Amino acid sequence: MGMTGLSDELAHLKKHGRLRQLDAVSEKQGCNVVIREQKLLNLSSNDYLGIAGDKELHHRFYACLNSDSLLVNYGMGAASSRLLTGDTTNSHLLEDLIKTSYAKEACLLYNSGYHANIGILPALTGKADLILSDKLNHASIVDGMRLSAAKFIRYRHCDYEHLRALLEKQRKSYRRVIIVSESVFSMDGDVADLGALVEIKNHFACQLYIDEAHSVGLYGEKGLGMAEQQNQLEDIDFLVGTFGKAFASVGAFLLCSERVNQYLINKSRSLIFTTALPPIITSWNIFIFSQLAQFSQQRKKLKRISDLLRKTLRDRQLQTAGTTNIIPVIIGDDQRTVKLSEAMREQGYLMLPVRPPTVPVGTSRFRISLTAGMDWCDLEYLADKIATLVNANDPC
Ligand SMILES: Cc1ncc(COP(=O)(O)O)c(C=O)c1O
């Protein structure tokens, strides 16, 4: 595309309310952020446990910083891939800690959930294989499927009868079939039935790949995620968790068999051809993971305020969905969603518009995500404010 083509495309995106822009945060104050000197309640972050805004926790982490620990535990760069000299004792400590907690054979770190999802599926599947993916799975899973030589088909969102029907028809034509689903869906805040998926994968002799990006830290007694809460840990063949959300950090991990682990170390391009996570990040991930079980108060509070907000939105006839701390408010039209988002911002709420291609056409929305750093008094008037604006703005 020539330069004129780029300008035209940008103008087109702007005209249709789909232009994306960067917007620097200058300060963080608990669950608030400051952008262009305006303090806003941040309803668009993935800091689900309120860790990113917890200064006391950060002070505790840095309290062990001294000249001996500086480079090993707080260094800023691994300086090469794990396959060269970027591998560290800390990376292995973190992997051991995670695999022991999940009672799985092996754990493998990736630099992010995106790296994991684009690196695992293409390495494990080839031309003779099939990937069946929930229609609403994240873009990183879609990109992973595109990079794979396997055929992929998307089944209707959480429609396990559709999944079954596809398998009845297709299973025998393929060597290996992997079913892929998120456990908590990132844009709708609804939850997959992992028991149903396990039953299907066993029945059709498939493998199951679950992305727990939005659930690690938030569910289960130990905070391991939805697979722990739904008691399905044992039967998931590939479980991906991320540190970028509830851990307020960066990185990801895969739980799998030892054989798969060894194979990926040899074949997974997004693991091999990139610089390893910095020491400071692996240290922080160990620090948070080792106290995950202790965040149960935060988990309870998050559930309480999420249930309450969802109820108040429904009471005001706003269209929402799901059951978790990710609470969509579906508006529909792209331009209208952008305008409403701007109006909410004027009132001190940061609720960024989510538009296609992130969500299906005609379902532009606010994706309100609550964090345990918030109190009900922060949210009390939110549904009223949205409802007033939506009604004032109603095109009919
Ligand atoms: C379901 C899902 N998987 C993976 C990712 C990517 O994770 P990361 O931010 O660690 O790259 C996201 C990010 O939003 C996600 O929603």
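Biologist: Which residues touch the most other members in the largest nonpolar core?

Modeller: Before turning to the case, keep in mind that this is a predicted model. The general idea is that in soluble globular proteins nonpolar side chains tend to be buried together. Here the largest nonpolar core holds 102 residues, and Ile179, Phe253 and Leu254 are the ones that touch the most other members. This core draws at least three residues from each of domain 1 (14-55 + 296-392) and domain 2 (75-290).

Biologist: Taking one of those three, with which residues is Leu254 in contact, leaving aside its neighbours within four places in sequence?

Modeller: With those neighbours left aside, Leu254 is in contact with Cys107, Leu108, Tyr110, Ala116 and Ile120, and also with Phe238 and Val240.

Biologist: How should I read the two domains, and what separates their centres?

Modeller: One can begin with the bounds and then turn to the contacts. Domain 1 is made of two stretches, 14-55 and 296-392, while domain 2 covers 75-290. The centres of the two domains, taken over C-alpha atoms, are separated by 27 Å. Across the boundary, 19 residues of domain 1 are in contact with 17 residues of domain 2. On the side of domain 1 that touches domain 2, α13 (296-315) and β11 (326-332) each supply at least two residues, and β11 gives the most, with three. By class, the residues on that side of domain 1 are 11 nonpolar, five polar and three charged.

Biologist: Do β2 and β3 run parallel or antiparallel, and how many bridges join them?

Modeller: Strand β2 (residues 32-35) and strand β3 (residues 38-42) run antiparallel and are joined by four bridges, with Val33 standing opposite Leu40 in β3. The hairpin they form has two residues between the strands, and in this hairpin Arg36 takes a positive phi near 45°. By contrast in direction, β3 pairs in the parallel sense with strand β12 (residues 349-350), over two bridges, and the partner of Leu41 in β12 is Tyr349.

Biologist: Which residues are the closest to the ligand?

Modeller: A ligand site can be read as a shell of residues, listed and then sorted by class. In this model 14 residues surround the ligand, and the closest are Ser112, Gly113, Tyr114, Ala213 and Gly244. Helix α5 (residues 113-124) gives the most to this shell, with three residues. Sorted by class, the shell has nine polar, three nonpolar and two charged residues.

Biologist: Why does Phe243 count as buried?

Modeller: Burial is read by counting neighbours, and a residue is buried if 20 or more other C-beta atoms lie within 10 Å of its own. Phe243 counts as buried because it has 28 C-beta neighbours inside 10 Å. Phe243 is found in the loop between β9 (238-242) and β10 (252-256). Leaving aside neighbours within four places in sequence, Phe243 is in contact with Ser249, Val250, Gly251, Ala252 and Asn285. The C-alpha atoms of Phe243 and Gly217 are separated by 9.3 Å, although these residues are 26 residues apart along the chain.

Terms used: Residues are numbered from 1 along each chain as its sequence is written. This is a predicted model: local features need pLDDT of at least 70, side-chain atom pairs count only at pLDDT 80 or more; totals for chains, interfaces and linings use all residues. Domain bounds come from an automatic or database domain assignment. Two residues are in contact if their C-beta atoms, placed from the backbone, lie within 7 Å. Ala, Val, Leu, Ile, Met, Phe, Trp, Tyr, Cys and Pro count as nonpolar, Asp, Glu, Lys and Arg as charged, and the others, Gly among them, as polar. A residue is near a molecule or strand if its C-beta atom, placed from the backbone, lies within 6 Å of it. A nonpolar core is a set of buried Ala, Val, Leu, Ile, Met, Phe, Trp, Tyr and Cys residues joined through C-beta atoms within 7 Å. A residue is buried if 20 or more other C-beta atoms lie within 10 Å of its own, exposed if 12 or fewer, and partly exposed in between; C-beta atoms are placed from the backbone. Two strands pair if DSSP finds at least two bridges between them.
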